[in-house]
Structures are given as C-alpha cells and as structure tokens.
Amino acid sequence: MGKRVAVVLAGCGVYDGSEIHESSAVLVHLSREGAQAEVYAPDVDQMHVVDHVKGQPTQEKRNVLVESARIARGNIKDLATLDVKGLDALIIPGGFGVAKNLSTWATQGKNCIVSKEVEDVLKAFHAAKKPIGLCCISPVLAAKIFPGCELTVGHDTECEKWPYAKTAETMKELGCKHVNKHVTEIHVDAKNKLVTTSAFMCNAPIHEIYDGIGRMVREVVRLA
C-alpha cells in the first residue's frame, strides 16, 4: 500500500487561493512516488476574490472548499473531517490563499492568526511525528505554530530573483531558524519532520520550481 498523504488547499489561484502550478506539482510528484493524495480544504469564505488579469480585488464572494475542488477535480473533503490517524503525511502548497484564507499573514505578518482548523491539523501531524511538507509561503504557518523550527522560503536578501525575501526576516523574528536554499533545494528539519522549499518565492523557471517541489514530496514520502 502506498502512503496516504493529506494535501490541504486554500482556494484556486495564486492571488487569492492555492498556487495552481504548485498544487499540481505536488499531486503529480505524489503519484510518481506511489503515494495516494487525499485533498482537503476548509469550508469557509475566501478573504476576497482577485481578478487575476487585473491583479485587483473584485466584489465577488467565493468559498475556499468549492474553489479548491477545481484543482482536486471534485475529489475533495472538508478539512474539518480530516483524521490524522489514517494518514501518513501532510503537504500544504503555497499561494496567497495560505496567507489570506488559512491565516491572516497577508494583513498581520508575524502577528497573524492561523485558522483553528489548520492549526489543529498541523499540530496533530506534528504530535504524531508524521512529516509535514510546506512550500512557497506556507512555511509561515509552521513558523507561527512551532517556535524554534527550521525552515526555508528561499533567500533572506531581497532582490529581483527573491522579491519576497523579507518573509525570511519575519520568520526569524518569530524565533525560527531560516536556512537559505536555492529554488531546486529543500531544507529538512529532522527534529520537527518539516520539509520546506521556496517554489514561487523565487523568480525562477517553472521547471526549477517543479523540481524543488519534487524533492520536497520525495523527502516527505521517505519520512512517512
């Protein structure tokens, strides 16, 4: 039997949900590793809806579970029903939905609140010593919940290639150890069983982002 891995989504689309390429890469790499992905999302309203052509919020209202179902091809469950006992690992792709729908990081940074459902799930996997894979912005969830953990969101010096590098500094302020890594690399916090990679925190070719996520997925499955 292959490993059963929970994949938690935050909507559909980089600016207000889960990053679609990252989510797809996670699912493809899990399939390649012979693992069974079980996709979940919270049944809540999105913080807001962004027009991805204009990059601006609209007046629409959308539901995180309903939107995430687009990526999961309808095969998705309410996050409230997740039972850690039957699962071997957890992966959360990035996208602004992590910082808007799974937490309030987008508006409050290090003072954010992680949604109770998401926090409970992360703590349950951590307590069960089951691996957690996080990419792009989603490592901020662990930074908030597991003080002293080791993570990467890429680099900590802002430049054209690393436009979101200030995130690393904020994570350090929360008491975490940030480890600089290239987009194709991962960092493993063996003590906390956290596997992180930067993905679209880096302005990199999409195949490099895909490769970094592949390394993250392989290590999560290996640790499971």
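The model described here is predicted, and Glu219 belongs to its helix α8. Leaving aside residues up to four places away in sequence, Glu219 touches Ile186, Val188 and Val195. The points below begin with the sheet and then turn to the helices, the loops, the salt bridges and the surface.

**The sheet**

- Seven strands form an open sheet with mixed pairing, and their order is β5-β2-β1-β6-β7-β11-β10.
- The edges are taken by β5 (76-78) and β10 (187-189), each of which has a single partner strand, so one side of each is left without a neighbour in the sheet.
- From one strand to the next, the twist averages 25 degrees.
- Strand β7 (residues 132-135) runs parallel to strand β11 (residues 194-197), and four bridges join the two; within this pairing, Gly133 stands opposite Val195, while Leu134 stands opposite Thr196.
- Strands β6 and β7 also pair in the parallel sense, over three bridges, and here Ile91 is the residue that stands opposite Gly133.
- Which way do the residues of β7 point? Ile132 and Leu134 point one way and Gly133 and Cys135 the other way, and all of them are buried.

**Helices on and around the sheet**

- Helix α8 (residues 206-223), which holds Glu219, lies across β6, β7, β10 and β11, and it runs at about 175 degrees to β11.
- Helix α3 (residues 96-100) includes Gly97, a residue that is buried, with a relative accessible area of 0%.
- Gly97 touches Ala10, Val14, Asp16, Gly17 and Leu102, again without counting residues up to four places away in sequence.

**Loop residues with a positive phi**

- In general, most residues other than glycine have a negative phi.
- Lys129, in the loop between α5 and β7, has a positive phi of about 55 degrees although it is not a glycine, and at 63% relative accessibility Lys129 counts as exposed.
- Lys193, in the loop between β10 and β11, likewise has a positive phi of about 55 degrees without being a glycine, and at 24% relative accessibility Lys193 counts as partly exposed.

**Salt bridges**

- The structure holds twelve salt bridges.
- The side chains of Glu38 and Arg4 meet in one of them, at 2.6 Å from N to O; Glu38 lies in strand β2 (residues 36-41) and Arg4 in strand β1, so the pair ties together parts that are 34 residues apart in sequence.
- Glu38 counts as buried at 7% relative accessibility, whereas Arg4 is partly exposed, with a relative accessible area of 29%.
- Glu173 forms a salt bridge with Lys110, and their closest N and O atoms are 3.0 Å apart; Glu173 lies in helix α7 (residues 166-173) and Lys110 in the loop between α4 (105-108) and α5, so this pair ties together parts that are 63 residues apart in sequence.
- Glu173 counts as exposed at 52% relative accessibility, while Lys110 is partly exposed, with a relative accessible area of 33%.
- Asp120 forms a salt bridge with Lys116, with the closest N and O atoms 2.6 Å apart, and both residues lie in helix α5, four residues apart, which is about one turn of the helix.
- Asp120 counts as partly exposed at 37% relative accessibility, and Lys116 is exposed, with a relative accessible area of 62%.
- Glu60, Arg62, Glu67 and Arg70 are linked with one another in a network of salt bridges.

- Which residues make the nonpolar surface patch of about 270 Å²? The patch is made by Tyr15, Phe96 and Tyr164.
- Tyr15 is found in the loop between β1 (4-8) and α1 (20-32), and Tyr15 is partly exposed, with a relative accessible area of 36%.

Notes
Residues numbered from 1 in each chain as written. Predicted model: local features only at pLDDT ≥ 70, side-chain atom pairs only at ≥ 80, totals over all residues. Heavy atoms only, no water. Patch = residues over 30% accessible without salt bridge, like charges linked within 9 Å, V, L, I, M, F, W, Y side chains within 5 Å. Areas by Shrake-Rupley, 256 points an atom, 1.4 Å probe, with all protein chains shown as cover. Salt bridge = Lys/Arg side-chain N within 4 Å of Asp/Glu carboxyl O. Buried < 20%, exposed > 50% of the residue type's maximum accessible area, 1.4 Å probe, protein only. Pairing = 2+ DSSP bridges. Axes fitted to C-alpha atoms, helices over the stretch in contact; angles between N-to-C directions. Contact = heavy atoms within 4.5 Å.
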